[in-house]
Every structure is written in C-alpha cells, then in structure tokens.
There are 2 protein chains.
Amino acid sequence: MEYTVVILGAGMVGSTMARDLAGHFRVTSVDVSSAALTTLKEADPRIEVQVADLSDPEVIKSIVQPFDLVVGAVPGFLGRTMFQAVLEAGKNIVDISFPPQDLQTEFNSLAEAKGLTALIDCGIAPGMSNLLLGFFNSRMQIHSFTCYVGGLPDVRTLPFQYKAPFSPIDVVEEYIRPARLIRAGSRITLPALTELELLEFPEVGTLEAFNTDGLRSILNTMSHIPNLSEKTLRYPGHCQLMQTLISAGFFSTEPVKANGSLVRPIDVNAQVCLAAWKKSPNEPEFTIFRATAEGTRDGVEVKESCDIFDRYDPETKVASMSRTTGFTATAIVHAFFKGLIPQKGVLALEQLAANPGLFDHVLEHHRSRKVRISLRI
Amino acid sequence: MEYTVVILGAGMVGSTMARDLAGHFRVTSVDVSSAALTTLKEADPRIEVQVADLSDPEVIKSIVQPFDLVVGAVPGFLGRTMFQAVLEAGKNIVDISFPPQDLQTEFNSLAEAKGLTALIDCGIAPGMSNLLLGFFNSRMQIHSFTCYVGGLPDVRTLPFQYKAPFSPIDVVEEYIRPARLIRAGSRITLPALTELELLEFPEVGTLEAFNTDGLRSILNTMSHIPNLSEKTLRYPGHCQLMQTLISAGFFSTEPVKANGSLVRPIDVNAQVCLAAWKKSPNEPEFTIFRATAEGTRDGVEVKESCDIFDRYDPETKVASMSRTTGFTATAIVHAFFKGLIPQKGVLALEQLAANPGLFDHVLEHHRSRKVRISLRI
C-alpha cells in the first residue's frame, strides 16, 4: 500500500518537501498560486497539484479528507487556522507553519480525543533543536542548553550582511519581540538582540549570536532545565546595526505622518529591508546550527553538542534553509509511516526523542541528503 | 533719525535677530504665527509685530513698503519668492533664508537696475565662512580653502549623537545632495559624506568632518582658487551611520507600498529622525566652525585660519546656531546703516571682505555678544 500525503503550501519549503517525498509516497501539493504548482509539477511530474485558498478552513477540511497524512507548510499567520481545520477533519499532521500561537496548549485535548498525531515545529530550529534537546535530556541531567541558528548568504554585503529567506517583517519582528528564556530556574524575558557573543565555526569563521524568542514549546515541556536559551547567528556587526535602527525608531509601530498619510515606520522600513535583504536568484547561502548541552551524568560534568551545516544545492537550486527545514519534516513523515511515532496528541519533537530508532532515523535522513551533522557526545 | 527694519519671519533666528536689533533700530517682525509674535513681543515690547502670510509675494511687497531695510528669515523653500518680491518692491535686504536657488545669478541685474543692495547668505556658514574667505583672499594667493561647520548638542546620545536645529528633511537632503567643490582648479562633485577626516577642537575634543554641498556663491565668485571645500562637523560615528542608512535605502525617494499606501521612505524616515533628533527644551548645544586658508604671500607659504565657537545662552535661552547665524546678519544690518557696504546688486559676503572697516566691525559685533572668534593670522 502506498501512503498518500497532502502538502498544504507550495512555497520554498513546501515545494522542497513535495520533491523529497514524491519518490516515496503519493504526494499532492496544494497552493493558491497556480504558477508555483506548475513549477513544482515540472520539477517532478509524480506530484499531483491542486489550486485552493488555504485561508479558508472549510476548503482545508474538504481537501485533506482523502489523505493519510497532512504536511502543513502555510505562512505563519495562517498556521493556527489551518492546524485546527486539519484536526477537526480528523487528520494526522506534520507541521512547519510556525504560527505565533501555542498550538500544543490549545489543541492537545482535541488531538488526543480524536486519536490524532499532530507534530508541530518540525523544522531545523524549532525542530532539530527540539529533537536534540530531547536527546541530550535522555542522556544527562542538563543544567544549561543553548541552541544557535542562522541562515546566511555566502557573500557578505554591508551594511546588513544578511539576506532574508522569509518575509523581512517576520525577521524584524524577531528582533523586536522580547526573548523568553529560562535562567537559573526562572522563566524570564530579555529584549531581543541582547547577550551578544562571538562564536567560531570551522566552515565560516566568526559569527555573532544574540537572544531571540525561539524556544516555543520547550519553555513548557522542558521547564525542569534551569537554563534554556535560543540565539540567532549573524555575521558580526548585524546586531549592532539592528539595535541602532530600532533605538532610532525606524521600526516603530507608532504611526507618523508622511505627505498627508499616516504610516507605521515598521511597515515602510520592512519594505526597505525587503529590497536590501533580497537574495539574488540562486544566491549561495548556508544554514548553520549549534546546540550545546551542559550537565551531569552519574555526578560527572559533561558537555555535549551538535553542529549542523548545510549549503545551497546548486544542482536542485534549493536553498539550505529549505533543505534543513524541509528534510526534518520529511524525516518525520517517514518516521510516522514507519511507526516510530506512536504517541497521540499535539507533540513537539523534544517529546519524541526517546522513541526507539527515531533520533538515528532523522540524523540518517539528513545525512543521506548531504546535510552535515556533527554530533559530539 | 531712527532707521526702520522689517524682519520677515519670527522663527528661531528671526526672533533672535529682532531682539538683537530692537535696541538700535525701529524693528517690526512679521510671521504667519501669532503665537511666535506674542512670545517675541513679550521678550521685548519695543518690537512691533504683524501677522501675515509670507508665502504671498503681493503681501510681502505691501508690508515692506514703509521700511528702510528688510531682513529675510523665511524658510528656505519660500526664500526665492520672498527675495524677488522685496527687490521688486524696491527695498534693500539682508537675507538668511538660504533658498536652494542661485539668487545672485538670477537677480543681480534687477538689484543693480534698481540701485539696491541685496546681501545673501548672511549666516555663519554660509556667511562668516564667505567673509573669512574674502578676508584671507585679500591677504594671500590662496591655493586651498576649507570651511568646517557644525551645530551639535553638548550631550552625545547614541546612535545619532545629533540634534537638528532645523527640519530633519533638510539635514537628510544635505547628506544626500552631491557636494560641489573645486579641486585642482576644476569644479567637481563628490557624494556627500565622503572624505571623512577627524579634527581636534580644544572645546569639544575629536569631531569628524565630511563633504557637504555648502559652498554656494563661492563656487562662482572665488573660482580662481584651485581648491575649495565645505565640510560638516559631527561627533565621530555619525557619518558612517548616515551612510549605512542611505546605502540600505532608508532615505530612498522611490515609493514603497506599506499597508496599501504608497510612501517614500525618505518622507517617513525624516519623521523618524525628527523624533530622534528633537532637542529637549533648552538643551545645551554649541556651534563649532573652522576656516583654513593655505597659500602664498610674497612667494612664501602661509596658512591662516579662524575658529568660531559659541554655546547656547542659558540667560536668553537662545541656541548658539540662532546666535551665530543671527548675529552675523545683525552685524551686516549695522554695517549697512553705517555705510560700510556701498555696493549695489546681489552680493555675497566674500565680495565685501575688502570693504574698509567691515571685517573688523563684524568680528567686534560677534565678540561683544560673547561669540568666541580666534583668528590666527
């Protein structure tokens, strides 16, 4: 029997997942853009395509009906509505929509009651970061865990030295939203862009890291760990520039009057950043990731870590951010059909790390797609 | 006989001039804002006030009729129309409106034909810079003249370390408009913010200087000098920040779409700067100025210079920029009535520097008002 998978969204990551899954399952991609679907169909004719408005929950409920599994890859602002519709339609889901809301708290009972497996945040960070935290947590008494992650262009162009793989306003909001973290056993918030540190990476040299609000489900599921942080990686200098822009008011949400119309600086300047942060076609970029866990095992101090590094693939022309995000989700899709995820409910990957075979399966899945993973344990 | 002077505009500098002239002449101030005039009248009841719309040339022609001399102190964008109206009304004028147009080329014949004396750019720079260049030019064969000028807050607040004494969009345009200068005998243009250098000043320490487009009339009247530059002074770091903002597109004049309306980033971000650059009430600030001339006298290399330094006056609560600009113009008003300026036509101060008694009169006028002038000759 061939399993059927429907992928909601044919954006950069949605398309990457469709192409990755097409050789293994019967894949249908759905998107509002027929152009995106035409491109996808040309890349792999085995992929079925369907044009639909995924902002309408009734449309989603009807579309997902015939499928064994749903993969959610809609924009974040549509994520919650889509997720709820899929659960109400009685379907299992692997999600990478990353909506701002806490889907676990809101929908866990519904998923459990319906006997569904709904896996959230199945990307690189969140995603691999969660799985690795769960893995380290099963091996030691962690007292400190930090995840560092960034997607950066090979070519560093001043002043930003940055290209946005997704909407600039989402990046800017990541720089403005206070970072929730756990410090000395208490949940605290710090402004984003704080606690700047410099790290060395063999592939790219020195990068800077600063707090952003990326822990998500971990804040609830791993609250027994006294120190938990997530930090964003950029080329050195980016953080100070963003702090400067923010402190000067360029990303203010207070409207100002410009030539008679009231506009919010953040809306205008996100457009300015859109232009400044736009990738050239097929511009080489990479994804860089480090998770470090410090703690004790049998009373002895231990430190374990994992580095992930991936580059733009010039053959398939797929960005590393799409690869590392998409391949984590497709690894979970395979794991689901292999029976490696028996749990029901809304689950984050840190909760599955002890599942026999799952962790090795995900690492092997990535490595067979040339994502470099260096686990130091 | 008491001379009568009408001052068109009762803004910061216009008010300062009215108060400075009130003890010496019969002064009338005109402005569209009755609030500004009320404040002025309270400061010195000898000042007559009159509310009028100075954007209407017919209004100006009628207002100036009874007066011996007009002082122009309207915003730059109204400057040309006002200036023309005053000449057409047959009146002499001392102007500090600094309009972008070349008034000398356009109106010199008219002023000469009417036998009028019309003195333009009577501020600090342009103004004192022009007078000093004329002075140095009468003393040596100049091969290089540079004028440095800045108005800065005492308190340096990151990121800009700057407060705008006038409209931020005018400051921003000064950073965007190419700088015209003379180099090795040829007129060239360079981007603004170029040729950054650091200078030491005994009163405030290290400042940075960069090219801006401030030479104005000097480009025509002093084109025999092979090297002429004007540079703006700021606290170190400001130039790089402005370059960063400009290169990133924050001051682009290409409209972007933000929440449905088309707006130019420069219009929105000038408003952002308006907030960031707003002076606190009575915030201490200073004006700093240096003009250097290098050349030969009797075949010997000589270097002469002049530093001007002035601080906010806490007694009168008048900003140093208003003082140094306004007192130059009031010095010229006194000089005009003393008969120190016999020339007719549209004239810039470099053309008057050889007038007997004028240079010393202007220096003495400033010094008696506690503006510090250090002439090194």
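Contact here means heavy atoms within 4.5 Å, and that idea will come up again and again on this walk through the structure. This is a predicted model, in which local features need pLDDT of at least 70, side-chain atom pairs count only at pLDDT 80 or more, and totals for chains, interfaces and linings use all residues. Residues are numbered from 1 along each chain as its sequence is written, chains are lettered from A and ligands numbered from 1 in the order in which they are written, and side-chain values use heavy atoms, with hydrogens and water left out.

Let's begin in chain A with A:Q161, which sits in the loop between β7 (141-153) and α7. Helices (H or I, at least four residues) and strands (E, at least two) are DSSP runs, numbered from the N terminus. With a relative accessibility of 7%, A:Q161 counts as buried; buried means under 20% relative accessible area, exposed over 50%, and partly exposed in between (1.4 Å probe, protein chains only). Setting aside neighbours within four places in sequence, A:Q161 is in contact with A:L152, A:P153, A:R156, A:Y235, A:P236, A:G237 and A:H238.

A:H238 leads us on to helix α9 (residues 238-248) of chain A, where it is one of the buried residues, along with A:C239, A:L241, A:M242, A:T244, A:L245 and A:A248. What covers them? The cover includes α7 (168-176), β11 (205-211) and β12 (228-234) of chain A, together with α9 (238-248) and α10 (265-276) of chain B. Just after α9(A), A:G249 takes a positive phi of about 100°.

Now turn to helix α1 of chain A. Eight of the 10 residues of α1(A) are buried, so the helix is largely enclosed by the rest of the structure. The buried ones are A:V13, A:G14, A:S15, A:T16, A:M17, A:A18, A:D20 and A:L21. They pack against β1 (4-8), β2 (26-31), α2, β4 (69-72), α11 and α12 (358-368) of chain A.

The axes of α1 (residues 12-21) and α11 (residues 320-337) of chain A come within 9 Å and cross at roughly 45°. That angle makes α1(A) oblique to α11(A). Axes are lines fitted to C-alpha atoms, for helices over the stretch in contact, and angles run from 0 to 180 degrees between N-to-C directions. Angles under 35 degrees count as roughly parallel, over 145 as roughly antiparallel, 65 to 115 as roughly perpendicular and the rest as oblique. The crossing of α1(A) and α11(A) is right-handed; a crossing is right-handed if the near helix is turned clockwise from the far one by less than a right angle, and left-handed if anticlockwise. On the α1(A) side, the contact is made by A:M12, A:V13, A:T16, A:M17, A:D20 and A:L21, while α11(A) brings residues including A:R323, A:F327 and A:V333. The residues of this contact divide into seven nonpolar, six polar and two charged. Ala, Val, Leu, Ile, Met, Phe, Trp, Tyr, Cys and Pro count as nonpolar, Asp, Glu, Lys and Arg as charged, and the others, Gly among them, as polar.

The axes of α4 (residues 76-88) and α5 (residues 103-113) of chain B come within 10 Å and cross at roughly 10°. This makes α4(B) roughly parallel to α5(B). Among the residues making the contact are B:F83 and B:L87 of α4(B) and B:F107 and B:L110 of α5(B). The contact divides into six nonpolar, one polar and three charged residues.

Helix α5 of chain B also holds B:N108, which counts as partly exposed at 22% relative accessibility. Not counting residues up to four places away in sequence, B:N108 touches B:L103, B:G345 and B:V346.

Finally, what about the cysteines? A search of the whole structure finds zero disulfides over all chains, a disulfide being a pair of cysteine sulfur atoms within 2.5 Å. A:C273 is in no disulfide, and its nearest cysteine sulfur, that of A:C239, is 15 Å away. The sulfur of B:C306 is 9.9 Å from the closest cysteine sulfur, in B:C147, too far for a bond. A:C273 is buried, with a relative accessible area of 1%, and B:C306 is buried at 0%.
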